[in-house]
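Please read this briefing alongside the structure.

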Amino acid sequence: MKNLIDRIITEPLRDFFQRILEFLPNLFSSIIILILGLFLAWIIRLIIVKMAKLLRLDRLFSKIGLTGALEKIGLRETPSKLFGRIFYWLTVILFFIISLYTLKVPAIEGFLEKFLLYLPNIFIAALLVVLGYLIGNFLGRTALITAVNAGIEGSALISKGVKTLIVLLSFVMALEQLGIGQDTVIAAFIILFGGLILALSLAFGLGGKDIARDYLEKKFKKEAEKKDELKHI
Amino acid sequence: MTGLFSDDRIVYGLIMAEDSPLLAKDVQEKIEEIKETDILVGIPSYNSARTVVHVVKAVEAGLSKYFPDKKSLLVNSDGGSTDGTMDVVRETDVDFDSILVDHKAGAFHKLVTPYHGIPGKGSAFRTIFEIAKSLKAEACAVVDSDLRSITPEWVELLIKPILEEGYDYVSPYYLRHKYDGTITNTIVYPLTRALYGRRIRQPIGGDFGFSGRLASFYLTKDVWETDVARFGIDIWMTTMALANAFKVCQAFLGAKIHDPKDPGADLSAMLYQVVSSVFNLMDEYFPVWKEISGSELVSTYGFVYSVGLEPIQVNLDGMLEKFRIGVKELTPLYGSFLPGGLLDNLRGYAENPKDKFIFPDEMWVNIIYYFALAYHRKSMSQEHIIKSLTPLYLGKVASFVIETWESKAEEVENRLEDLCLSYERRKSYLVEMWEEGVKDQGKPRRRL
């Protein structure tokens, strides 16, 4: 009878407590790592904000249009504070993952492995979107100035078109990197782009044929008649 | 008699990078042989076989006629011409009997060498400076290889002020049509004059005289891998001479007729090359120009004259249309570095019809100064800043054409004098703004 009680109650309870005792140091380490991570993240944020101020990054980002872009999406913080916050959370997440690993729970380990393998994709996708925005801004402005200097009315529209196209392209690339609806997104982009060109061709060829004729006549015929003999240099 | 000099005085240069980064070994050997020269005239060239003969003949005749007792050297610094320019220079001989009534054979050498470095006039000049320094040349001149109007007198006018009057730099002063050189007239001349206080009428002329001392000074500057080597050498040479207190004068050379530049050349690219060169130098020489106010005349050599003006065709409607499109479309971009009041004024003037159109000098000067500040502060891509100036520049030129359509050359010069004085009057505000930027970029800025 005693053997039976031992087998049914005592031994499982002993095993359970044994496992808890074995798990407790891991849990303890995990909590310490998390607290350490929070503290380190706080220090890193302070350093990043300080460094960004010293290097006048806010001014630089204002020049390249990043501050304006952040404001447009509702982020009123200065880029230096935003960077501080990003690095704070990256550190917290990193230490949180390490602390979860420290628990040595097989199910969590499996999940984290997959997550860690996926993490570079998220970084690359974010980078693609940011780069796309910056390049889109730059090329949009180049298109605007070039079109204005060529005397084209509606240059702002051309500029916005160039910018939107590049941002859209970078967004599609980011989604492809994340593996989200790869084929669908690419197909949608091709259809959208092709449709846009077709629409413009039709608009210019049919709807705007008179305007196009007037424009071309004005551009080539009149300018040929009114040759400029003024020398700029 | 055909030619005064035998072939053994001509040196053919080849670049041998392992011996010298700049001068070919045989050029160095020839320099050692010649030892020194009194006068050096450089001709930078690239595919100028059609025109360089006349330039070489004019230079040789000028040296023989005006400096017969001096040792002289003609240097052709070529950018890798494929049309045989270098051969043409080597083979060109002057029939002095048919050009000069009386002549003496001086010690004359000719040196033909390809230059090393970034392709551009600046690199060609660097080679010329290097040779001038090696040969301890007392006076030097550089003339373009596509000149059709150069005469032997040009050599005299560019060299004599240095040899006889002790000047270090002779800037050219050409006879030009009232609508030639509008970038020079509306930006480069008045701005350089206001900044450095000397009235050098054509600071980007292209043909200059300079002392050996100044050539050596140019070589001490580390600019030969920058845009100066490509396209900014003319204004760079002038500004360096002015900002470093070298003795400067100008020489009236008459008309400058040369091969037309590429007619398809983009105006905004041209504007970028010229204006960025001036703005870059403003950055470097702020401590010098901030102390200067007003301007003074410089000595002018040569017989200054003007001729009647041939009417030319100007596409005023085209310029005004581009100006209006620019103001309309670029307002958001200008808003990042031009103050609101100035933008409002611009929009107001852009609405005026052609017969009432005017672009006031004060507004133009404010615009140039704000563009210079934006360029200095790198408010956005510097190329974007300057290229976005194009429509406003066309507006100013259109206004200038409307105002001076009936004017004679002297009246146009008086009109330009008014513009220059506006630049000088507003300069103190530019200095203040520039200094505010240096002290604290973050503080709200005053307006010009």
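Predicted model: local features only at pLDDT ≥ 70, side-chain atom pairs only at ≥ 80, totals over all residues.

Residues are numbered from 1 along each chain as its sequence is written, while chains are lettered from A and ligands numbered from 1 in the order in which they are written.

**Domains of chain B**

- Chain B is divided into domain 1 (7-301) and domain 2 (316-439), with bounds from an automatic or database domain assignment.
- The C-alpha centres of these two domains of chain B are 32 Å apart.
- Their contact takes 24 residues from domain 1 of chain B and 26 residues from domain 2 of chain B; two residues are in contact if their C-beta atoms, placed from the backbone, lie within 7 Å.
- On the side of domain 1 of chain B that touches domain 2 of chain B, α10(B) has the largest share, with nine residues. Helices are DSSP runs (H or I, at least four residues), numbered from the N terminus.
- By class, that side of domain 1 has twelve nonpolar, eight polar and four charged residues. Ala, Val, Leu, Ile, Met, Phe, Trp, Tyr, Cys and Pro count as nonpolar, Asp, Glu, Lys and Arg as charged, and the others, Gly among them, as polar.

**α7(B) with α9(B)**

- The axes of α7 (residues 182-196) and α9 (residues 227-243) of chain B come within 11 Å and cross at roughly 20°. Axes are lines fitted to C-alpha atoms, for helices over the stretch in contact, and angles run from 0 to 180 degrees between N-to-C directions.
- α7(B) and α9(B) are therefore roughly parallel to each other (angles under 35 degrees; over 145 is roughly antiparallel, 65 to 115 roughly perpendicular and the rest oblique).
- B:Val188, B:Thr192 and B:Tyr196 in α7(B) meet residues of α9(B) including B:Ile235 and B:Leu242.
- This contact of α7(B) with α9(B) has five nonpolar, two polar and no charged residues.

**α9(B) with α10(B)**

- The axes of α9(B) and α10(B) are 9 Å apart, and the helices pack at an angle of about 60°. That makes α9(B) oblique to α10(B).
- Among the residues that meet are B:Phe231 and B:Trp236 in α9(B) and B:Val278 and B:Leu281 in α10(B).

**Chain A with chain B**

- The contact takes 21 residues from chain A and 31 residues from chain B.
- On the side of chain A that touches chain B, α5(A) gives the most, with six residues.
- That side of chain A has seven nonpolar, four polar and ten charged residues.

Notes: Helix = DSSP H or I, 4+ residues; strand = E, 2+ residues; numbered from the N terminus.
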